Amino acid sequence: MSQNIAFIGLGNMGGPMAKNLIKKNFKVTVYDLNQDAVAELKAAGANTAGSATDAVKEADVIISMLPNGAIVKSLYIGSKGLINHLKKDVLIIDSSTIAADDARAVAKACEQQGIAMIDAPVSGGTAAAEAGTLTFICGGQQAHFEAAKTVLTAMGRNIFYAGASGAGQVAKICNNMLLAIHMIGTAEALNMGAQQGLDPAVMSEIMKASSGNNWSLQVYNPYPNVMPNVPASKDYQGGFMVDLMSKDLGLSQELAAQSGSATPLGSLATQLYQIHRAGGAGKLDFSSILQLLKKTQS
Ligand code: NAD
């Protein structure tokens, strides 16, 4: 018998992830504050609920894909938290990117109630969410990770166990700090080449076959109209918002301070995205950092 899944948070990532579960014949009940997002999932075959509490009533597995740690904590814990309304054998999978300490706080509260919870942030972006090829990076008890694998495999291709509770978030934040750094570097290189009169598409092919090759060049080119279907070719709409990248970079700097790690490029990337965000780009995709470079060139 297929498992009942409650899916909370149907944004750029959660929407396509929930659709993939429906395609794989899971019974999915969805909830989001945004009614348009709920209607889209209803049309795709999901059951809908009027509140998060209603959505989780029959759930065997709960997946959340929410913007930040404060929202995740208020959803699950505290006097109004969902963990007061759950069956004991439920499994919570939080795929939001949040502070490792927030993930640990939720996991601890769950453990006290005898509820299983893993942190399982994702990498791959909206294209991978749609294609069902996400990378899941998990932290928590290994037995809970094993129990989550069938559901995660329906939405992703690479499923990693990083270690105890919070370890998934630490690995994810390290990855996203690197992502911001190579996206900025890619945008700088392409923009300089273009300023010198080179075609950014030709530049991209050259660098992909050279030592500058990286993920941003391969699948997420920041220069408009080099690659079809990426945010850069759609006025930087959709994708991974600057607001969210700024949040992740802030988390990276908290981790750096906590562990005494030197992250000079991470610190610079954090400041560049803060400036870009303050300039009104918060809702644009993070590859729009190219616009900041263009704005500041002489
Ligand atoms: P999004 O802003 O598009 O979606 C978030 C959704 O959560 C929205 O639909 C919003 O209405 C809903 N929401 C907010 N508060 C809620 C609440 N209290 N109850 C129910 N629904 C609520 O964000 P996204 O791009 O889908 O990202 C979600 C998470 O995934 C973030 O933590 C982000 O850092 C992470 N992430 C995003 C990407 C990406 O490429 N977009 C990639 C990897 C990880």
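Colleague: Which domains is the protein divided into, and what makes them domains?

Modeller: There's domain 1 (4-163) and domain 2 (170-296). They're called domains because an automatic or database domain assignment sets those bounds. Keep in mind that this is a predicted model, where local features need pLDDT of at least 70 and side-chain atom pairs count only at pLDDT 80 or more, while totals for chains, interfaces and linings use all residues. Residues are numbered from 1 along each chain as its sequence is written, and side-chain values use heavy atoms, with hydrogens and water left out.

Colleague: What is the distance between the centres of domain 1 and domain 2, and how many residues does each put into the contact?

Modeller: The centres, taken over C-alpha atoms, are 27 Å apart. Domain 1 puts 16 residues into the contact and domain 2 puts in 13 residues, where contact means heavy atoms within 4.5 Å.

Colleague: What is the area buried between domain 1 and domain 2?

Modeller: About 1000 Å², with carbon and sulfur atoms giving 61% of it. That's the accessible area (1.4 Å probe) that two parts lose on being put together, summed over both. On the domain 1 side, Asn12, Thr97 and Ile137 supply 36% of the area buried against domain 2, more than any other three residues.

Colleague: How many salt bridges and how many residue pairs in polar contact are there between domain 1 and domain 2?

Modeller: The salt bridge count there is 0, but 5 residue pairs are in polar contact, both residues at pLDDT 80 or more. A polar contact needs a pair of N or O atoms within 3.5 Å; within protein, one must be able to donate a hydrogen and the other to accept it, and residues adjacent in sequence count only if both atoms are side-chain atoms.

Colleague: Why is Glu146 with Lys149 called a salt bridge?

Modeller: Their side chains meet at 3.3 Å, N to O, and the label asks for a side-chain nitrogen of Lys or Arg within 4 Å of a carboxyl oxygen of Asp or Glu, so the pair qualifies. The two sit 3 residues apart in helix H7 (residues 142-153), so about one helical turn separates them. The whole structure has 10 salt bridges.

Colleague: What does Lys247 do at the ligand, in terms of atoms?

Modeller: A polar side-chain atom of Lys247 lies 2.9 Å from a ligand oxygen atom. Gly239 has a polar backbone atom 3.1 Å from a nitrogen atom of the ligand.

Conventions
Helix = DSSP H or I, 4+ residues; strand = E, 2+ residues; numbered from the N terminus.
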